[in-house]
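Please look over the sequence and the three-dimensional model shown here before reading on. The notes after it are meant for a reader who is new to this structure.

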Amino acid sequence: MSLGYAEKLSFIEDVGQVGMTEFFDSAHVLQDKIEQLAKLIEKSRHLVVFTGAGISTSCGIPDFRGPKGIWTLQREGKPLPEASLPFHRAMPSMTHMALVGLEKAGILKFVISQNVDGLHLRSGIPREKLAELHGNSFMETCPSCGAEYYRDFELETIGLKETSRRCSDEKCGAKLRDTVLDWEDALPPKEMNLAEKHCRMGDLVLCLGTSLQITPACNLPLKSLRGGGKIVIVNLQKTPKDKKASLVIHGFVDKVIAGVMELLNMKIPPYIRIDLFQTILSQSLSSDKKFVNWTIRIASVHGLSAPLPFIKSVEVSFSNNQNYKEATLDTQPFLLKRIQSKVLNLTRMPHWKR
């Protein structure tokens with residue numbers, strides 16, 4: 001992951017308990033608990049899932065409080081964990097995609113996430129069925145009209161600050177802001193209200209990969225108890241809410257959820273990544289009007305100045321014509337100017353690949 005999020009956070013001395021010991025249920029106990037969880041999900045009428053950093057560790061994103069977590073290592077004065085890939089290249093895990101399958105089947109009603117990695121949206125969970133309590137590193141919003149913009153690049157700021165872009169609504173045009181909270185920022189009321197509503201409605205709140213330490217978010221699952229709901233916690237560390245749970249499972253989240261999906265006779269849908277970009281082709285006559293000067297630009301769909309993190313280079317070639325030289329663009333902006341052709345050849349178009 002890009003550790004930029006952790007590095008951008010304001011410094012505070014007390015981040016809660018870190019370096020927590022991990023526990024693993026034996027194979028027999030784990031299988032028994034997986035079967036219990038599958039039965040609870042099968043019987044549920046309003047399943048809510050509450051997620052933390054533990055569901056994204058298999059995506060190459062470090063957690064915060066585990067033995068090798070970001071805050072654990074910071075407190076010990078050790079170097080931060082190295083990312084296995086850039087933040088924007090992280091792919092949804094098996095658990096993320098299993099949740100998509102449960103939602104599409106009508107079983108999962110709502111997801112509450114404390115993560116800022118954007119993987120729930122990227123996986124396919126509908127925005128209206130997701131509350132991102134701490135924001136999204138790829139989402140910026142308009143403070144004036146409320147429009148949201150989900151980007152394919154990590155935003156440059158956190159702390160609800162202004163970004164370099166504006167709302168695309170012609171009637172608005174206000175400066176956009178990032179959505180990721182800093183320590184002193186309050187939880188967004190819209191997200192919090194939806195989360196509280198669904199926890200109260202939930203007959204089963206499944207907590208995945210969270211130590212349930214950060215308040216007030218950690219208290220949300222408890223709201224289901226008032227209506228007779230149950231809480232299940234799947235986490236490698238013990239949590240302050242374990243005594244309130246009907247079932248506590250110590251095991252890797254992906255393994256637990258994969259086992260549950262198999263018992264429910266449900267397939268985990270594959271993740272298919274789609275990246276979008278725009279190709280801009282412009283032309284103008286040369287001063288003697290004998291040639292056409294072409295300009296080719298490969299740009300983000302989010303704006304000409306927005307980064308294209310998923311493209312390393314662009315190769316431009318021309319079919320069946322030796323008068324034009326191939327070109328490789330390996331730095332942004334991907335822009336190739338003054339490709340000349342005779343006026344009679346206006347219909348000839350270049351070919352490109354990424």
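Predicted model: local features only at pLDDT ≥ 70, side-chain atom pairs only at ≥ 80, totals over all residues.

Residues are numbered from 1 along each chain as its sequence is written, and side-chain values use heavy atoms, with hydrogens and water left out.

**The annotated position**

- UniProt, in an unreviewed entry, places the feature "active site" at His-134; UniProt positions follow the numbering used here, feature names are shortened, and annotations may be inferred rather than shown by experiment.
- His-134 sits in the loop between β3 (130-132) and β4 (139-141), where helices (H or I, at least four residues) and strands (E, at least two) are DSSP runs numbered from the N terminus.
- With a relative accessible area of 13%, His-134 is buried, a word that means under 20% relative accessible area, whereas exposed means over 50% and partly exposed lies in between (1.4 Å probe, protein chains only).
- Leaving aside neighbours within four places in sequence, His-134 is in contact with residues including Ser-113, Thr-179, Leu-187 and Ile-214, contact meaning heavy atoms within 4.5 Å.
- The side chain of His-134 also reaches the backbone oxygen of Gln-114 at 3.0 Å.

**The nonpolar cores**

- The largest nonpolar core has 32 residues, and those with the most contacts inside it are Leu-37, Leu-206, Leu-208 and Val-234; such a core is a set of buried Ala, Val, Leu, Ile, Met, Phe, Trp, Tyr and Cys residues joined through side-chain atoms within 4.5 Å.
- Among the elements that each supply at least two residues of this core are α2 (27-43), β1 (47-51), β8 (204-208) and β9 (230-234).
- Not counting residues up to four places away in sequence, Leu-37 touches Leu-206, Val-232, Val-234, Leu-247, Ile-249, Val-256 and Val-260.
- A second, separate core of 21 residues includes Leu-187, Val-205, Cys-207 and Cys-218.

**Helix α4**

- Of the 11 residues of α4, 9 are buried, so this helix is largely enclosed by the rest of the structure.
- The buried residues of α4 include His-96, Met-97, Leu-99 and Glu-103, and what covers the buried residues includes β1, β2, α5 (119-123), β8 and α7.
- Just after α4, Gly-106 takes a positive phi of about 85°.

**Cysteines**

- The count of disulfides comes to 0, a disulfide being a pair of cysteine sulfur atoms within 2.5 Å.
- The sulfur of Cys-199 is 8.0 Å from the closest cysteine sulfur, in Cys-207, which is too far for a bond.
- Cys-199 is buried at a relative accessible area of 0%, and Cys-218 counts as buried at 2%.

**Salt bridges**

- The count comes to 10 salt bridges, each defined as a side-chain nitrogen of Lys or Arg within 4 Å of a carboxyl oxygen of Asp or Glu.
- Lys-33 forms a salt bridge with Asp-25, the closest N and O atoms being 3.1 Å apart, and both Lys-33 and Asp-25 are buried.
- Glu-162 and Arg-177 meet through their side chains in a salt bridge (3.9 Å, N to O); because Glu-162 lies in strand β6 (residues 162-166) and Arg-177 in strand β7 (residues 175-178), the pair ties together parts that are 15 residues apart in sequence.
- A network of salt bridges links Glu-140, Arg-151, Glu-156 and Arg-165.

Methods: Polar contact = N/O pair within 3.5 Å; in protein donor to acceptor, adjacent residues only side chain to side chain.
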